[in-house]
Every structure is written in structure tokens, then in C-alpha cells.
Amino acid sequence: MAAGYYPPWGFYYKVEFAISKAADDVRFQTVSGLSVEYDYESFKEGGENRFEHKLPVRTKYADMVLKRGMLTSSDVIKWCLAAFRDREFTPSDISVILMNEKGEPLRTWSVAHAVPKKWLVSDLNANENSVVIETMELAYRYFTIR
């Protein structure tokens, strides 16, 4: 690692949906669920009692969770509501783009075939002065990193 290198900050990013070109639909407060792990199968060898063989079977991707201040007009929310209200599941590719201080892409996670799994709105409370947050949980097939 070169001297003077600093890891990038995690607060300057955007989330681009293939189903929306609206400027407001790229802004999210938090993005989580960009993780992958292997499922393993265990095999026992006859006569070997000290351990089991564990072999990788397939990769498993976590659900993506996106949070933002509620928008009153959004193509992404229309997409979610079409899935929940009308059972129209139209997959969308998503790009999560981490940027540097000049707004140039540093790293892009390309999420394939995302569909809505859950949508919720934060509690409405007359005793608090807080922004209404909407949360979307999305299932997807896989992601690649560029």
C-alpha cells in the first residue's frame, strides 16, 4: 500500500435504478446488504472421526436494504407498490456507486435482478419532529464489483 493512501469515505454514494431516471431516486440515507457468503455441505469420511469435509456448494447473497426520507413522487416507489398491490414483479438492475470528493466513481456494485421484498414507512408521531423514513428491502440474484 502506497504511503499517503486513505480508505474512501462511506457517505458519498448514489443508487441508480434501471427503472428510474429521476434525480431524487438516487439519494438514500443508508444502503446495506451488499454481502455474499458460501453455503457449505458437510461430508463424513468413513473411519475419519476427527473432522468433517466441508465443501462449498453455492453462493448466498443477503437482501439489500435501502433507507431514505420519504418521497411523495418516485418511480422506485411506484415499482415497489406495483409488486405489492398488483403482484407485478418487474426485476430491476441497480448500481450502488461509491464516489470520491470530485464525484468520480471509485467502486460500483452492480446488483442484478432486484425485486421488492418489503416496504415500510417509519412511525408517525406528533410528539417528535423527525423526517418520515421509508425503507425498502430488495431480494436480488447476485452482484458484481467494478
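Predicted model: local features only at pLDDT ≥ 70, side-chain atom pairs only at ≥ 80, totals over all residues.
Let's begin with Asn100. You will find Asn100 in the loop that joins strand E6 (92-99) to strand E7 (105-121). Is Asn100 buried or exposed? Its relative accessible area is 15%, and because buried means under 20%, Asn100 counts as buried. The side chain of Asn100 reaches the backbone nitrogen of Lys102, at 2.9 Å. Looking beyond the neighbours within four places in sequence, Asn100 is in contact with Tyr12 and Leu106.

The pocket is lined by 13 residues, and the closest to its centre are Pro8, Trp9, Met99, Asn100 and Leu106. Strands E6 and E7 each contribute at least two residues to this lining. What kinds of residues make up the lining? Ten are nonpolar, one is polar and two are charged.

Now let's move to another loop, where Met70 sits between strand E5 (64-69) and helix H1 (75-86). Met70 has a relative accessibility of 40%, so this residue counts as partly exposed. Leaving out residues up to four places away in sequence, Met70 touches Val121, Val132, Ile133 and Glu134.

Methods. Residues numbered from 1 in each chain as written. Heavy atoms only, no water. Helix = DSSP H or I, 4+ residues; strand = E, 2+ residues; numbered from the N terminus. Buried < 20%, exposed > 50% of the residue type's maximum accessible area, 1.4 Å probe, protein only. Contact = heavy atoms within 4.5 Å. Polar contact = N/O pair within 3.5 Å; in protein donor to acceptor, adjacent residues only side chain to side chain. 1 Å grid on protein atoms, 1.4 Å probe; cavity = no way out; pocket = protein on both sides within 12 Å on 5 of 7 lines; lining within 4 Å. Nonpolar A, V, L, I, M, F, W, Y, C, P; charged D, E, K, R; others polar.
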